[in-house]
Amino acid sequence: MITVTRGPAPVRHGRLAPALLLRPARESDAAALAGLARPFVRSGALRERPVSLYTLHVADFLVAQAPDGALEGCVGLRTYPAGTADRAGSPGVLYNFCVAGHRQGRGVGAGLLRTALAMARAQALTGLFTATTGDGALFLRHGFTPAHAGSAPPSWAGSLDPRRNARVLALRL
């Protein structure tokens with residue numbers, strides 16, 4: 001079971017054992033967020049970000065916390081301003097999606113993604129984008145489709161490193 005804390009009452013998702021708490025990240029989580037990303041940085045799936053950048057953007061992150069307090073996964077959700085007339089509404093970007101190796105394949109990533117999608121819908125975002133150097137299977141199972149970077153928020157699309165050969169995926173909300 002995953003528990004999501006939003007306000008005073010927890011919201012439960014999925015069937016995971018032991019229970020994981022999905023909650024907004026706190027400033028004190030910045031080093032653990034960087035630690036979760038480290039294996040993905042080494043593999044080339046993510047770019048290295050200093051702890052100070054995690055601290056600066058901690059409000060973007062949702063984390064999966066084990067009963068012992070360890071962070072087992074995270075995902076950032078950043079909202080971008082509404083685009084030009086041909087791109088009405090505010091899009092969001094999912095980034096820095098990480099699940100600890102021993103938790104992969106156990107529903108942690110799916111729980112994080114479902115919760116991030118619910119949060120995006122609650123914010124009335126018009127769509128979500130993400131970039132992946134992997135197969136993107138989890139995103140594809142949740143309705144994302146391949147997209148051109150030009151349809152994404154320009155500042156985010158401009159930050160993509162072409163040497164990483166990442167695929168851009170999108171989901172209309």
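Is C74 buried or exposed? I found C74 buried, with a relative accessible area of 0%. My cut-offs: buried is under 20% relative accessible area, exposed is over 50%, and partly exposed is in between, with a 1.4 Å probe and protein chains only.

**Ground rules**

I am working on a predicted model, where local features need pLDDT of at least 70, side-chain atom pairs count only at pLDDT 80 or more, and totals for chains, interfaces and linings use all residues. I number residues from 1 along each chain as its sequence is written, and side-chain values use heavy atoms, with hydrogens and water left out.

**Cysteines**

I looked for disulfides, meaning a pair of cysteine sulfur atoms within 2.5 Å. I counted zero. C98 is in no disulfide either. I also checked the burial of C98: it counts as buried, at 0% relative accessibility.

**Overall layout**

Next I listed helices and strands. Both are DSSP runs numbered from the N terminus: helices are H or I with at least four residues, strands are E with at least two. The chain has five helices and nine strands. I wrote down their order from the N terminus: β-β-β-α-α-β-β-β-α-β-α-β-α-β. The chain has 173 residues, and buried ones make up 43% of them.

**Helix α3**

Then I looked up burial along α3. Its buried residues include V108, L112, L113, L117 and A120. A reminder to myself: an α-helix has 3.6 residues a turn, so residues three or four places apart point the same way. Just after α3, I noted A124, which takes a positive phi of about 60°.

**R103**

R103 lies in the loop between β6 and α3. I found R103 buried, at 10% relative accessibility.

**Aromatic pairs**

I paired rings of Phe, Tyr and Trp (its six-membered ring) if their centres lie within 6.5 Å; planes under 30 degrees apart count as stacked, over 60 as edge-to-face and the rest as tilted. How many aromatic pairs did this give? The count came to five. For Y54 and F61, the ring centres are 5.8 Å apart and the planes sit at 50°, so I logged the pair as tilted. Both Y54 and F61 are buried. For F139 and F144, the centres are 5.2 Å apart and the planes are at 75°, so that pair is edge-to-face. F139 is buried at 9% relative accessibility, and F144 is buried at 2%. I also noted a cluster: ring pairs link Y54, F61 and Y95.

**Largest pocket**

I used a 1 Å grid over the protein atoms alone; a pocket is an open set of points with protein on both sides within 12 Å along at least five of seven lines, and lining residues have an atom within 4 Å of a point. Grid points are joined across faces, edges and corners, and a volume is the space filled by probe spheres set on the points. The largest pocket holds about 1,000 Å³ of space. Of the 43 residues that line this pocket, the closest to its centre are L46, N96, F97, A131 and F139. Which elements give two or more residues to the lining? I listed α2 (51-56), β6 (91-99), α3, β7 (127-132), α4 (137-141) and α5 (154-159). β6 gives the most, with seven residues.

I sorted the lining by class. Ala, Val, Leu, Ile, Met, Phe, Trp, Tyr, Cys and Pro count as nonpolar, Asp, Glu, Lys and Arg as charged, and the others, Gly among them, as polar. The lining has 21 nonpolar, 13 polar and nine charged residues.

N96 is found in strand β6. Its phi is near 50°, a positive value in a residue other than glycine. I found N96 buried, with a relative accessible area of 3%. N165 lies in the loop between α5 and β9 (167-172). Phi of N165 is near 55°, again positive. Is N165 buried or exposed? At 63% relative accessibility, N165 counts as exposed.

Note on methods
1 Å grid on protein atoms, 1.4 Å probe; cavity = no way out; pocket = protein on both sides within 12 Å on 5 of 7 lines; lining within 4 Å.
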